[in-house]
Amino acid sequence: MEFFLQLLVNGISLGFLYSLSALGFVMIFKSSSVLNLAHGELLAIGAFLFLAISTWAQLPIWLSFALTLVGTFLLGFIVERFFLRPLIGEDLIQVIMLTLGLGIMFKGLLLFVFGGDIHEYRTFLPEGLSLDLGIVRIPSVNVATFIIGILFLILFGFFFKYSSQGIYMRSVADNQSAALSLGVHVRRVFALSWAIAFIVAAMSGIVLGIINGINVHELSAIGLKVFPVVILGGLDSIGGAILGGIIIGLLETFTGGYISTSLREIIPYIVLIIILMVKPYGLFGLVEIERV
Amino acid sequence: MLNFLQSAGQGGGGKKKVQFMENDTRLQINNISVVYSDVIQVLKGVSLTIKKGQVVSLLGSNGAGKTTTLKAISGLLKPENGKVTEGYIEYDGESIQNSSPEDITRKGIIQVLEGRQEFKYLTVEENLRVGTATRWGKPYQKDLGLVYNYFPALLARKKALAGYCSGGELQMLVIGRALMAHPQLLLLDEPSLGLAPLLVKEIFQIIKRINQEQEATLMVVEQNANMALQIAHYGYVMENGKIVLESEAAELRENPDVKEFYLGTAASGALKSYKDVKAYKRRKRWL
Amino acid sequence: MRKLQFRPCGNFNESYEEELAIFETDFGRVSMLIGLLLLFVVIPFITSPYTLYILNSIGIYAIAAIGLNLLIGYTGQISLGHGAFFGVGAYTAAILATKTGFPIWLSIPAAGIVTAAVGIIFGLPSARLKHLYLLIATLAGQFIIEYVLVQWESLTGGAEGISIIGATFLKIDIGSDRAFYFLIFICFALMTWIAVNLVRTRYGRAFIAIRDNDRAAEGMGIPIFRYKLLSFAISSFYAGFAGGLYAYYMMSITPEPFNLWLSIWLIAMIIIGGLGNIPGSVFGAIFIVVLEELLSLGTQYLMNVGDSAGAAITIAPLREFVFGLAIVLFVIFEPKGLAEVWRVIRSNFRLWPFSY
């Protein structure tokens with residue numbers, strides 16, 4: 001029983017990490033329908049920027065956090081302007097290949113600057129955040145992740161559902177020429193969505209870095225874990241991404257705990273194939289409305 | 001009769017100069033040519049004038065260049081790789097032919113695209129809210145009320161996904177969406193496309209009301225010439241990328257050629273037989 | 001004998017046969033003969049073993065890239081699992097050769113067939129999925145196959161892999177680079193010939209119809225699901241075939257090389273070469289293999305120059321950077337790939353001095 005509970009808690013906290021990493025991905029997909037294969041590298045960029053500012057430059061934590069957010073926001077603008085904008089209106093595969101190439105580029109650059117070792121942040125989270133549930137203890141990092149995750153969910157849920165800018169972003173993803181005819185600033189929407197996605201990815205990357213240490217290879221591998229998560233939840237649903245992450249996290253820890261550790265890495269993909277066969281648009285995704 | 005048409009075309013050109021001098025001109029298109037992908041010329045010297053507060057209808061068969069004319073005005077040619085190569089477009093005396101759609105819509109020119117380009121995954125109300133993009137950050141509740149007043153059917157469906165609405169509802173939706181932008185000049189591209197006759201009548205009634213109550217200038221591109229000429233003040237007929245005929249709407253309604261070819265009634269009022277239409281088509285080349 | 005035909009100016013085709021012809025002019029036919037002559041008679045005897053090694057790699061990857069291009073470029077179904085399919089082919093060939101003693105001329109086609117079956121399994125989601133979802137399904141396939149290759153130790157030898165020793169073809173030892181060169185490029189010529197002809201048949205046209213508009217294709221009476229699966233099967237056959245050649249050529253295989261990176265590599269080849277263009281896949285294979293080789297030569301060179309060995313280790317990641325940059329630049333500036341560049345160069349020559 002204790003083992004079970006421990007696995008449950010581990011699974012949920014791992015899953016929350018996945019959900020958090022998936023958020024930026026869903027952001028981009030929702031507003032520009034781009035499947036971002038460089039997402040793992042975006043996580044890594046945020047994590048390393050924070051590392052460089054907080055640990056190497058020794059700036060206070062809150063300041064380096066703010067600087068990281070500003071930095072990644074600008075970076076998002078730049079990447080959109082120089083790499084993605086020329087491709088507006090091109091074929092899907094071209095855009096996918098572009099994000100793939102960008103990912104490889106970023107990874108090489110990060111490895112060049114920071115090397116392939118595991119780095120760590122200096123500790124700054126208060127110990128008081130940790131929860132003791134009697135049988136199992138949840139470390140403060142995971143509690144912090146949980147709080148951040150919930151905050152994000154509410155924030156972005158509201159942003160997309162109710163704010164005008166959020167609705168404009170969705171309208172662009174839906175029907176670009178109609179949005180253009182109504183005066184939606186399409187290029188600005190694209191730039192903004194990439195900038196926001198960079199920020200979200202940076203935050204997730206920082207949280208991942210706090211828990212697992214910061215390593216280029218590991219973070220870019222998590223970028224691929226995002227796929228089962230978002231497929232499970234539906235590519236364009238933020239709530240789905242959160243739930244999908246938790247389900248995948250639980251699946252992984254329980255498979256690892258009860259069946260075999262080697263199967264653990266692969267189980268999300270097996271589930272993914274099954275889901276795609278049974279419910280192609282995920283649990284909460286929008287069914288494609290096709291009128292001929 | 002041919003002579004009459006020719007002289008009408010030329011006379012229009014002369015009249016335009018005069019209109020341009022007057023102060024109530026909303027939009028002035030002077031002799032524009034539009035080329036797609038640098039090779040396909042669609043418009044070959046189109047000139048037209050829209051006066052403030054008027055409803056102007058643009059008639060013509062498929063491929064005549066009506067939609068291209070609208071897109072040239074609203075700046076939507078650029079995403080389709082089209083360009084205005086000659087002539088100029090002036091809106092309230094300002095040149096707009098090379099502006100981006102973002103700037104043009106912010107001047108108050110809103111185009112309602114052909115074929116009901118709704119946002120499928122947004123609800124009806126969210127669709128309407130996209131219409132506020134040109135005045136982002138300003139309150140929009142009053143405008144919503146206004147649109148629901150014009151189109152009560154939308155109010156009942158406001159939480160439904162637009163992708164699941166009927167064709168009639170969608171046409172109302174896209175017109176309402178454009179109204180949200182407070183248009184000074186509203187360009188409607190085939191509002192009757194694929195709608196039942198009764199619905200067409202209703203839509204056109206509302207278009208007329210919009211013109212009268214909102215003091216918006218309207219340009220309506222239509223296949224349904226009968227309907228369009230009933231609500232319009234002025235009409236243009238296009239063919240092969242040129243304006244071939246222009247006149248007051250009432251005059252146009254009485255024009256025997258328009259009657260024959262676009263309204264489907266002969267001078268006597270009886271329906272024309274197919275044979276005669278074909279004969280007209282042969283003659284049409286001279287226009 | 002009829003008169004030799006050279007390129008006319010404009011389109012003078014009078015029948016569908018002419019429209020479908022591979023060579024519009026005899027000039028093309030002649031230059032292909034010269035190319036084949038160079039390929040089989042001149043090149044293998046004048047180049048160093050190192051160059052032959054590179055050429056062999058190009059040949060193998062070009063076969064896989066042609067197959068992938070049939071799937072992505074012609075049928076419009078994106079696959080991120082071809083690296084694993086390549087691995088399935090390699091393992092099938094190796095297992096058949098070592099455990100059952102299949103001769104090479106049987107085991108390599110068998111590898112292709114087994115891979116085609118695997119490809120069909122992972123192509124099944126394409127019945128309901130399009131675009132992104134299919135891409136992700138094939139990505140999952142990639143990981144699952146990788147896992148099976150590592151975990152099924154009794155068959156695949158796990159992480160240790162399998163070695164094939166002393167393979168012969170019709171009693172000729174093909175261990176040397178040169179002998180293998182002939183094997184690879186005969187296969188290459190054959191597979192290219194099949195692909196070029198395939199795309200101008202009913203099947204090829206059905207593939208293109210599905211790519212351009214699958215709903216319209218269905219409306220025209222093309223059973224799209226069957227054709228999608230067929231495309232998956234053919235394309236995986238190519239990947240498996242190339243994998244089989246790879247296994248024999250490398251003589252020992254481990255699961256390591258058949259990872260996601262290889263899938264990306266293959267896609268990069270056809271993007272850089274040109275989607276929906278068979279010669280383009282070959283150009284892409286040449287470009288990527290040569291680029292990779294130059295990059296690793298560059299880092300090796302730096303490592304050997306005096307005391308910059310330390311610097312070389314930090315520079316090594318720049319290989320990845322340059323590789324990524326090449327993809328990005330091609331996608332942005334020449335989306336039609338090297339095939340388009342080649343066409344422009346050729347027509348410039350042809351039209352000289354009136355080219356513009």
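Modeller: By definition, a crossing of two helices is right-handed if the near helix is turned clockwise from the far one by less than a right angle, and left-handed if the turn is anticlockwise. The model under discussion is a predicted one.

Biologist: Which hand does the crossing of α2(A) and α8(A) have?

Modeller: Helix α2 (residues 39–56) of chain A packs against helix α8 (residues 186–212) of chain A, with the axes 7 Å apart and at an angle of about 70 degrees. Angles of 65 to 115 degrees count as roughly perpendicular, and α2(A) and α8(A) are therefore roughly perpendicular to each other. Their crossing is right-handed.

Biologist: How many nonpolar, polar and charged residues does the contact of α2(A) with α8(A) have?

Modeller: Helix α2(A) contributes residues including L42(A), L43(A), I45(A) and F50(A), while those from α8(A) include F198(A), M203(A), I206(A) and L208(A). By class, the contact has 13 nonpolar, five polar and no charged residues.

Biologist: Which element gives the largest share of the side of chain A that touches chain C?

Modeller: In this interface, 34 residues of chain A are in contact with 35 residues of chain C. The elements of chain A that supply two or more residues to that side are α4 (92–114), α9 (216–233) and α12 (267–278). The largest share, 16 residues, comes from α4(A).

Biologist: What are the numbers of nonpolar, polar and charged residues on the side of chain A that touches chain C?

Modeller: The side in question belongs to an interface in which 34 residues of chain A meet 35 residues of chain C. Sorted by class, the chain A side has 28 nonpolar, four polar and two charged residues.

Biologist: Is F323(C) buried or exposed?

Modeller: F323(C) is found in helix α15 (residues 317–333) of chain C. Leaving out residues up to four places away in sequence, F323(C) touches L291(C) and, from the other chain, I104(A). A residue counts as buried if 20 or more other C-beta atoms lie within 10 Å of its own. F323(C) has 21 such atoms, and is therefore buried.

Biologist: Are α5(C) and α11(C) oblique or roughly perpendicular to each other?

Modeller: Helix α5 (residues 104–123) of chain C and helix α11 (residues 224–250) of chain C pack with their axes 6 Å apart, at an angle of about 140 degrees. An angle must be over 145 degrees to count as roughly antiparallel, and 65 to 115 degrees to count as roughly perpendicular. The two helices, α5(C) and α11(C), are therefore oblique.

Biologist: What is the class make-up of the contact of α5(C) with α11(C)?

Modeller: The crossing of α5(C) and α11(C) is right-handed. The residues of this contact divide into 16 nonpolar, 10 polar and one charged.

Biologist: Which are the edge strands of the open sheet in chain B?

Modeller: Four strands form this sheet, in the order β2-β1-β4-β5 (chain B), with antiparallel pairing. Strand β4 (residues 82–91) of chain B pairs with β5(B) over two bridges, and Y91(B) stands opposite E94(B) in β5(B). The strands that pair on one side only are β2 (40–51) and β5 (94–95) of chain B.

Biologist: Which element of chain B gives the largest share of the side that touches chain A?

Modeller: Here 26 residues of chain B are in contact with 18 residues of chain A. Two or more residues of the chain B side come from each of α3 (101–106), β6 (109–112) and α4 (124–130) of chain B. With four residues, the largest share comes from α3(B).

Biologist: What percentage of the residues in chain C is buried?

Modeller: Chain C has 16 helices and four strands. Of its contacts with a separation of 6 or more, 75% are between residues 24 or more positions apart. Among the 356 residues in chain C, the buried ones make up 44%.

Methods:
Residues are numbered from 1 along each chain as its sequence is written. Chains are lettered from A and ligands numbered from 1 in the order in which they are written. This is a predicted model: local features need pLDDT of at least 70, side-chain atom pairs count only at pLDDT 80 or more; totals for chains, interfaces and linings use all residues. Two residues are in contact if their C-beta atoms, placed from the backbone, lie within 7 Å. Ala, Val, Leu, Ile, Met, Phe, Trp, Tyr, Cys and Pro count as nonpolar, Asp, Glu, Lys and Arg as charged, and the others, Gly among them, as polar. Axes are lines fitted to C-alpha atoms, for helices over the stretch in contact, and angles run from 0 to 180 degrees between N-to-C directions. Angles under 35 degrees count as roughly parallel, over 145 as roughly antiparallel, 65 to 115 as roughly perpendicular and the rest as oblique. Two strands pair if DSSP finds at least two bridges between them. A residue is buried if 20 or more other C-beta atoms lie within 10 Å of its own, exposed if 12 or fewer, and partly exposed in between; C-beta atoms are placed from the backbone.
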